[in-house]
Amino acid sequence: MSVQRVKEFFINNGNEKKVLEFEHTTATVEQAAEAIGCEPRRIAKTLSLWQGETAVLIVMSGEGKIDNKKYKAEFSEKAKMIPFDQVEEAVGYAPGGVCPFAPKEGVKVYADVSLRRFDTFYPAAGSSNSAVEMTCGELERYARIEKWIDVCKDTENEG
């Protein structure tokens, strides 16, 4: 799976969303923010976690960190990141390019409320040098969000 797959996904879903591609890596929040020219908190990072034997993705603001107490209250278990070398097989995208669009079948996608304070934000688009600008509504539609959750440590609603 790749940036080309994400481009095709948008076209097949009735939106030729402009996927941004960069010469340099956008694999980390800081690198993506620098390439795009935005604040790191407007990068929508996508975390890959195990829930039992099932992989899930959580899209959150770039400065967000999992609040273990909130996560356990939401999912009735402790947050467990998927090991780096298992991410691509589990979710369909390699680390640095994990995105919420067309993940591997059976992978559920959740969005953290930390993104709601932004008009637009930038999730990765399938590779370690790509991104796409989104609104909350577009994220819900194209990532087929299961539901909005609140599992980040308080970010003081900056924005």
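Visitor: Which residues lie nearest the centre of the largest pocket?

Guide: This is a predicted model, in which local features need pLDDT of at least 70 and side-chain atom pairs count only at pLDDT 80 or more, whereas totals for chains, interfaces and linings use all residues. Residues are numbered from 1 along each chain as its sequence is written, and side-chain values use heavy atoms, with hydrogens and water left out. On a 1 Å grid over the protein atoms alone, a pocket is an open set of points where a 1.4 Å probe fits, with protein on both sides within 12 Å along at least five of seven lines, and lining residues have an atom within 4 Å of a point. The lining of the largest pocket has 26 residues, and those nearest its centre are A27, K45, T46, G96 and V98.

Visitor: How much space lies in the largest pocket?

Guide: A volume here is the space filled by probe spheres set on the grid points, which are joined across faces, edges and corners. For the largest pocket, this space is about 440 Å³.

Visitor: Which strand supplies the largest share of the lining of the largest pocket?

Guide: Helices (H or I, at least four residues) and strands (E, at least two) are DSSP runs, numbered from the N terminus. At least two lining residues come from each of α2 (29–36), β2, β6 (122–123) and β7 (130–132). The largest share, six residues, comes from β2.

Visitor: How do the lining residues divide into nonpolar, polar and charged?

Guide: Ala, Val, Leu, Ile, Met, Phe, Trp, Tyr, Cys and Pro count as nonpolar, Asp, Glu, Lys and Arg as charged, and the others, Gly among them, as polar. By this scheme, the lining of the largest pocket has 16 nonpolar, eight polar and two charged residues.

Visitor: In which sense do β2 and β3 pair, parallel or antiparallel?

Guide: Two strands pair if DSSP finds at least two bridges between them. The strands β2 and β3 form a hairpin with two residues between them, and G52 in the turn has a positive phi of about 65°. One of the bridges links A44 to its partner S61 in β3. Over eight bridges, the sense of this pairing is antiparallel.

Visitor: Is S61 buried or exposed?

Guide: S61 is found in strand β3, where seven of the eight residues are buried (under 20% relative accessible area, with exposed over 50% and partly exposed in between, for a 1.4 Å probe and protein chains only). Beyond four places in sequence, S61 touches R41, I43, K45, S114, L115, R117 and F118 (contact means heavy atoms within 4.5 Å). Its relative accessibility is 0%, so S61 counts as buried.

Visitor: Why is β5 described as largely enclosed?

Guide: β5 pairs with β3 in the parallel sense over four bridges, and Y110 of β5 is the bridge partner of I58. Two bridges also join β5 to β8 (residues 148–149), again running parallel, with W148 as the partner of A111. The strand counts as largely enclosed by the rest of the structure because the buried residues number four of the five in β5.

Visitor: How many residues has the largest nonpolar core?

Guide: A nonpolar core is a set of buried Ala, Val, Leu, Ile, Met, Phe, Trp, Tyr and Cys residues joined through side-chain atoms within 4.5 Å. In the largest one, the residues with the most contacts inside it are V6, F10, V91, F101, F121, M134 and L139. Elements that each supply at least two of its residues include α1 (3–12), α4 (87–91) and α5 (136–143).

Visitor: Where is S76, a residue with positive phi?

Guide: Phi of S76 is near 60°, a positive value in a residue other than glycine. With a relative accessible area of 64%, S76 is exposed. Its place is the loop between α3 (68–75) and β4 (80–81).
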